[in-house]
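Please look over the structure below before reading my points.

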Amino acid sequence: MDANATLGQPRLLISTEALEQNLRVIRRHLEPSVQICAVVKADAYGHGATLIAEALARIEERTPFLKVDQFAVATIEEAATLARFKKPIMALRPIENVLLGQNRDLIELALRHNWTLTIATPSAADDIARLAIQCNCRGLVQVMLDTGMTRCGTSAEQFNDLIDRVQRHPSLKLSGVSTHFVNSEIRGDALTSRQLRGFERAIGQREDLKRITKHAANSGAIFFTPRSHFDVVRPGLSLYGVDPTGHASVDRPLRPVMKWTAPIIALHDIAPGTTVGYNQTWTAAQDSRIAVIPVGYADGYPRIASNRAVMGVHGHRAGVVGRVSMDMTAIDVTNVPDVRLGDEVIVIDSDPTAPNSIYGIARLADTIPYEILTRIGPRIRRVLASEEMTTSSTSDDNSAQAD
Ligand SMILES: *Cc1c(COP(=O)(O)O)cnc(C)c1O
């Protein structure tokens, strides 16, 4: 859809140029032989998975060197939304046999599409093998080794048995072995080294794993632990232009891919003493002009931003006043010239140095950019937008840090 058709609605403007730039930054950190698996779980970190897949296809068309080789999602349902892009897909959430009964149709769907399923137990391998025979196909499975996350994955002690079990099933094909880091965003972290050694030890003891795809690196490990790149890397956050350290870095010119905007739907000129919003948490100290935008905490704009955050209006900053409510938020535009109904407000700026950047909002909400991004709700339209529409403006100061 044309981005102009959504003017007047709250929306996420998605920049293909920024996505391309981030792929370039990631690619620059990799040996040419290393493949990129784009992590598009949770609706591509809130950006819209099919939209991101479309943008990636356009980038690949004009710059084959920036090709994404496969997608990673959490669930088979998520994989299904991407079937038409004809890329290999891995589902990261391990299949567990006690849950297999209810999920049988989904697993069959995955088998028929040749999507890779992640497993961590022999019983899951047996069950997938049986389903693969029934649908007359070879099931692709990857074994996730737990090296310190203590979440999902087989232990080092059980790793060999699990690989043996997979290899013994003619209806299964081992498509990869993987692990996941705990502290990847910290350069030189001791646990990351231990995890990497544990992974190398487990795979190094088996001749039959020499030619099997190995992968471990998420965004942080791509930048800080080159030895973890192996055959494939799995960037999520960095692909969307957000630095895993939680602040923009001059060493890695990542560009946030999304800009969240919303139109002004009401304007009020109020007298001193007038209060704004639930529970009267803000009172005008002077004659003030208040603008209302149709975005609230139900859309993932954090309520803790009440009376704290700023938004961008015509290149100026406008403070959020009163409580962020479920569907609406008020901002103080007293000092912004020429504000009109329908004008577009920048809720979260694509400029990483703006006070309302994804970093700034995450910090203010005492969380990480991942959480803010993935909570942006379904009422916000996601659209691919031109370069002019996606670059901005809430601030022109430059506060990127080196690390
Ligand atoms: C989410 C996820 C990633 C992507 O991590 P980022 O920090 O966003 O790059 C990679 N691997 C696994 C197993 C994941 O769950």
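Predicted model: local features only at pLDDT ≥ 70, side-chain atom pairs only at ≥ 80, totals over all residues.

1. Residues are numbered from 1 along each chain as its sequence is written, and side-chain values use heavy atoms, with hydrogens and water left out.

2. Helix 1 (residues 16-28) and helix 3 (residues 49-62) have axes that come within 10 Å and cross at roughly 65°. Helix 1 is therefore roughly perpendicular to helix 3 (a term for angles of 65 to 115 degrees). Their crossing is right-handed (the near helix is turned clockwise from the far one by less than a right angle).

3. On the helix 1 side, T16, L19, E20 and L23 meet I52, A55, L56, I59 and R62 of helix 3 (contact means heavy atoms within 4.5 Å). This contact of helix 1 with helix 3 has six nonpolar, one polar and two charged residues.

4. The axes of helix 5 (residues 104-113) and helix 6 (residues 122-134) come within 10 Å, crossing at roughly 70°. The crossing of helix 5 with helix 6 is right-handed. R104, I107, E108 and L111 of helix 5 make the contact with I128, L131, A132 and Q134 of helix 6.

5. Residues around the ligand include K41, H180, N218, S219 and L237 (a heavy atom within 4 Å). A polar side-chain atom of N218 is 3.2 Å from a ligand oxygen atom. For S219, a side-chain N or O atom lies 2.5 Å from an oxygen atom of the ligand. L237 instead places a backbone N or O atom 2.8 Å from a ligand oxygen atom.

Methods
Axes fitted to C-alpha atoms, helices over the stretch in contact; angles between N-to-C directions. Helix = DSSP H or I, 4+ residues; strand = E, 2+ residues; numbered from the N terminus. Parallel < 35°, antiparallel > 145°, perpendicular 65-115°, else oblique. Nonpolar A, V, L, I, M, F, W, Y, C, P; charged D, E, K, R; others polar. Polar contact = N/O pair within 3.5 Å; in protein donor to acceptor, adjacent residues only side chain to side chain.
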